[in-house]
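This report describes a single protein chain from its overall make-up down to individual residues. Please keep the sequence and the 3D view open while reading.

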Amino acid sequence: MRKIKVIIVDDERLSREELKRALKPHEDFVLVGEAGNADEAKSLIEAKMPDLIFLDIQMPEKSGFDLLESLDNAPAVLFTTAYNEYAVRAFEVNALDYLMKPIREERFAKAIDKIRNTLSGKYSLGDVAVKDRKIFIKDGEKRFFIQLDEIYRIESLENYTRLFFQDKKALQRRSLRQWEEMLDVNVFFRINRTEIINLNHIREVNRTASGKLEVKLKTGELLEVSNRQAVKFKNLNGI
């Protein structure tokens with residue numbers, strides 16, 4: 001039986017105890033840690049690499065959404081909260097499920113079955129490929145849970161960046177350098193001073209009339225590779 005590693009994040013100790021009691025009968029769910037705030041949870045998640053977090057949304061100082069935004073690789077999420085107003089927002093970010101406090105045993109069992117079916121066999125513990133890695137992003141009131149490989153372009157805007165994914169775009173507080181540090185260099189390549197592209201989303205590579213290297217993305221966008229990066233780009237792609 002595949003074990004599913006779990007971390008509980010809730011600022012209320014009694015709520016954490018309630019979840020631990022509810023998890024006990026489900027032997028394939030293994031609790032690897034618990035945290036009472038977002039900062040503590042971030043360190044724990046990065047160290048333990050859980051498959052799933054039970055996450056309270058409304059916490060002092062930083063919310064559950066703030067925690068997700070701070071993670072370079074977000075695990076699956078089941079939101080637990082006493083505030084019904086967050087239900088719609090939770091599903092906007094594709095949480096696996098949403099539980100209202102106090103948690104009812106029958107409702108918890110249904111959520112566990114749903115999670116088990118979703119995560120079963122999806123990936124090996126501690127071995128998440130780039131196509132499976134997910135990130136939580138928000139832009140104003142919009143929130144998204146997306147796979148990193150869905151990002152096809154990242155554009156620098158001074159200390160901010162704009163992500164392009166699916167048919168959407170979102171402004172982020174990360175700099176282009178920060179994205180470079182967290183992304184797989186074999187998939188994401190910085191083509192010039194202001195842009196990173198996903199190599200899996202390239203349709204064509206051509207030369208312009210002036211001899212510059214130019215990539216055409218599957219979206220139809222044409223982007224120029226700087227002279228400085230052109231050599232690295234050709235070596236990386238065997239051109």
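## Basis of the description

The model is predicted: local features need pLDDT of at least 70, side-chain atom pairs count only at pLDDT 80 or more, and totals for chains, interfaces and linings use all residues. Residues are numbered from 1 along each chain as its sequence is written, and side-chain values use heavy atoms, with hydrogens and water left out.

## The chain as a whole

The protein chain contains 7 helices and 15 strands. Both are DSSP runs numbered from the N terminus, helices being H or I over at least four residues and strands being E over at least two. Of its 239 residues, 46% are buried. Buried means under 20% relative accessible area, exposed means over 50%, and partly exposed lies in between (1.4 Å probe, protein chains only).

The chain exposes about 12600 Å², and carbon and sulfur atoms supply 46% of that area. Accessible areas come from the Shrake-Rupley method with a 1.4 Å probe; for residues, only the protein chains shown count as cover. Among contacts between residues at least 6 apart in sequence, 51% join residues at least 24 apart. A contact is a pair with heavy atoms within 4.5 Å.

## The five-stranded sheet

Five strands form an open sheet in the order β10-β9-β8-β12-β11, paired in the antiparallel sense. Because β10 (168–172) and β11 (188–190) stand at the edges with a single partner strand each, one side of each has no neighbour in the sheet. From one strand to the next, the twist averages 20 degrees. Strands count as paired if DSSP finds at least two bridges between them.

Strand β8 (residues 151–157) is joined to β12 (residues 195–198) by 3 bridges, and Glu-155 has Glu-195 in β12 as its bridge partner. On the β9 side, 6 bridges join β8 to β9 (residues 160–165), with Leu-157 opposite Tyr-160. Strands β9 and β10 pair over 5 bridges, where Phe-165 is partnered by Lys-168 in β10.

## The largest nonpolar core

A nonpolar core is a set of buried Ala, Val, Leu, Ile, Met, Phe, Trp, Tyr and Cys residues joined through side-chain atoms within 4.5 Å. The largest one has 21 residues, and those touching the most other members are Val-9, Ile-53, Leu-55, Leu-67, Leu-68, Val-77 and Phe-79. Elements giving two or more residues to this core are β1 (4–9), α2 (38–48), β3 (52–56), α3 (64–70) and β4. The largest share, 4 residues, comes from α2.

Beyond its neighbours within four places in sequence, Leu-68 is in contact with Ile-53, Leu-55, Val-77, Phe-79, Phe-136 and Phe-145.

UniProt, in an unreviewed entry, lists Asp-56 for "modified residue: 4-aspartylphosphate". UniProt positions are given in the numbering used here, feature names are shortened, and annotations may be inferred rather than shown by experiment. Asp-56 lies in strand β3 and, because its relative accessibility is 3%, counts as buried. Not counting residues up to four places away in sequence, Asp-56 touches Val-9, Asp-10, Asp-11, Gly-64, Thr-80, Thr-81 and Lys-101.

Lys-101 is joined to Pro-102 by a cis peptide bond, with omega about -5 degrees. Pro-102 is found in the loop between β5 (97–100) and α5 (105–119).

Tyr-83 lies in the loop between β4 (76–81) and α4 (87–92) and is partly exposed, at 42% relative accessible area. Apart from residues up to four places away in sequence, Tyr-83 touches Gln-58, Tyr-98 and Met-100. Tyr-83 and Gln-58 are 25 residues apart in sequence, with 7.9 Å between their C-alpha atoms.

Met-49, in the loop between α2 and β3, has a positive phi of about 50 degrees although it is not a glycine. Glu-158 has a positive phi near 60 degrees in the hairpin of β8 and β9, which has 2 residues between the strands; Glu-158 is exposed, at 76% relative accessible area. In the hairpin of β9 and β10, also with 2 residues between the strands, Gln-166 takes a positive phi near 50 degrees.

Conventions:
Axes are lines fitted to C-alpha atoms, for helices over the stretch in contact, and angles run from 0 to 180 degrees between N-to-C directions.
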